[in-house]
Amino acid sequence: MSRLLIKGGRIVTAVDDYLGDVLVEGSTISAIFAAGTAPALDARVLDATGKLVIPGGIDAHTHLDMPFGGTTSADDFESGTIAAAHGGTTSIVDFAIQYKGQTLRQACDAWMKKAEGKAAIDYGFHMIITDLPDAVEKEMDVLVKEGVTSFKLFMAYRGVLMLDDGSIFRALLRTGENGGTICMHAENGDVIDVLVRRALAEGHTAPKWHALTRPPRAEAEATYRAICLAEMAGVPLYVVHLSAAEALEKIAEARDRGLPMHAETCPQYLFLSYDNYEEPGFEGAKYVMSPPLRAKGNEEALWRGLAMNDLQAVSTDHCPFCMKEQKELGKGDFSKIPNGAPGIETRMSLLYDGGVVKNRISVNRFVELTSTSPAKIFGLFPEKGTIAPGSDADLVVFDPNRKVTLNAKTLHQRVDYTPYEGRVVQGATDTVISRGEVIVENGKFLGKVGRGNFLRRRTRT
Ligand code: URP
Ligand code: ZN
Ligand code: ZN
């Protein structure tokens, strides 16, 4: 059995912070010693002096190889997971899509095929349900038993992805029986469609109109409606990619009433703003995503939400489309710009820099938001999300002082831009270990393509 001793690092979990040596045997953590007290062993030694040793990141919101708006997201499971690994993420939960008329089994099989033989890190699936006849509702139970324990529903994109309130309510009720979790895309799609049609009729075609036709109130209203539906069904809810302070208020209010409502935000809503849509020419297309970037000021509310636990996770919603040939599909009509932006590789460094270095969150909270909390919410804890004997040896040796300049050319995401071009961040991944295997070292990917395991996730407890 292979042995790896990570020596002298500052071990940080959601609750601990101490100097120690981590012994990895095979794919799991076998022991942790006070710094310098590990016995002499036949092991590869990794010196982590001056570095943090943290649990591998878990990105619970990615879209690899996903068809959208007449094209497909630019990263597949190979390039996307290698990029994730470079950024310190060792597990993802991606979204499989059930198209209208399909069974969940068909959707699941299709996404398994996309990932198998390609994923370089461990991966699970949420299932997007776009059509809920009785048979599909029953099938939700089968998926939950097979480890696909969460379902994403859309309150926007009528005719494509959107589900009506009755179907949403039935899906919520079903999770009350099978222990699954509903993840909600909360935007009022019908209001947005009216605003989009009106804007186009008035000749507004530039990318910024994507944001101007998706007001924060449309997100807040849908968030509140989703909370009410979940409350009436008596089940928890997880709101994905929350962007607006107005929507966050609805989550905070519900949590203050003791309801089990959860939400994530994403780096783009913490670091970018509506002003990016005003960049010259077609540049604003880089930031066309849903919900859109919000006016400056919203980000501080989100940072407070992260610090106060009104928001429980930071995921990426990594859904990359190249400017060339993909975003360009919407030149002359903002509604045809594929929705989404890249971010799978930059999440950990951005959150460390904006959060810990800037004193908005503690280093423990950083670990909680990027790893522990998604592991707990999505049924992966304690194998993932912490550093403890018996847990998977998914570990990152993270340099809290190294500064890097984010740049599309040096990142590994397969897309021709990063929304963070030129931004200098403090805090960078040095070495990445996935189930005991060093997969990134000295900026090089050393793992084998296809080594990632499918994660059969548990239901919530
Ligand atoms: O614009 C986005 N967020 N694209 C990905 C699909 C989704 O709604 O998460
Ligand atoms: Zn969404
Ligand atoms: Zn998404």
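User: How far apart are the zinc ion (ligand 2) and the zinc ion (ligand 3)?

Analyst: This is a predicted model, in which local features need pLDDT of at least 70, side-chain atom pairs count only at pLDDT 80 or more, and totals for chains, interfaces and linings use all residues. Residues are numbered from 1 along each chain as its sequence is written, chains are lettered from A and ligands numbered from 1 in the order in which they are written, and side-chain values use heavy atoms, with hydrogens and water left out. The distance between the zinc ion (ligand 2) and the zinc ion (ligand 3) is 4.0 Å.

User: Are K152 and H185 buried or exposed?

Analyst: Buried means under 20% relative accessible area, exposed over 50%, and partly exposed in between (1.4 Å probe, protein chains only). By that criterion, both K152 and H185 are buried.

User: What is the geometry at the site of the zinc ion (ligand 3)?

Analyst: H61 (NE2), H63 (NE2) and D317 (OD) coordinate this ion at 1.9 to 2.1 Å. Four donors count as tetrahedral if all angles lie between 85 and 135 degrees. The angles among the four donor atoms of the zinc ion (ligand 3) are 89 to 133 degrees, and the site is tetrahedral.

Notes
Donors are N, O and S atoms within 2.8 Å of the metal (3.2 Å for Na, K and Ca); water is not among the atoms, so sites may look incomplete. Four donors count as tetrahedral if all angles lie between 85 and 135 degrees; four count as square planar and six as octahedral if opposite donors are over 155 degrees apart and all others between 65 and 115; anything else is irregular.
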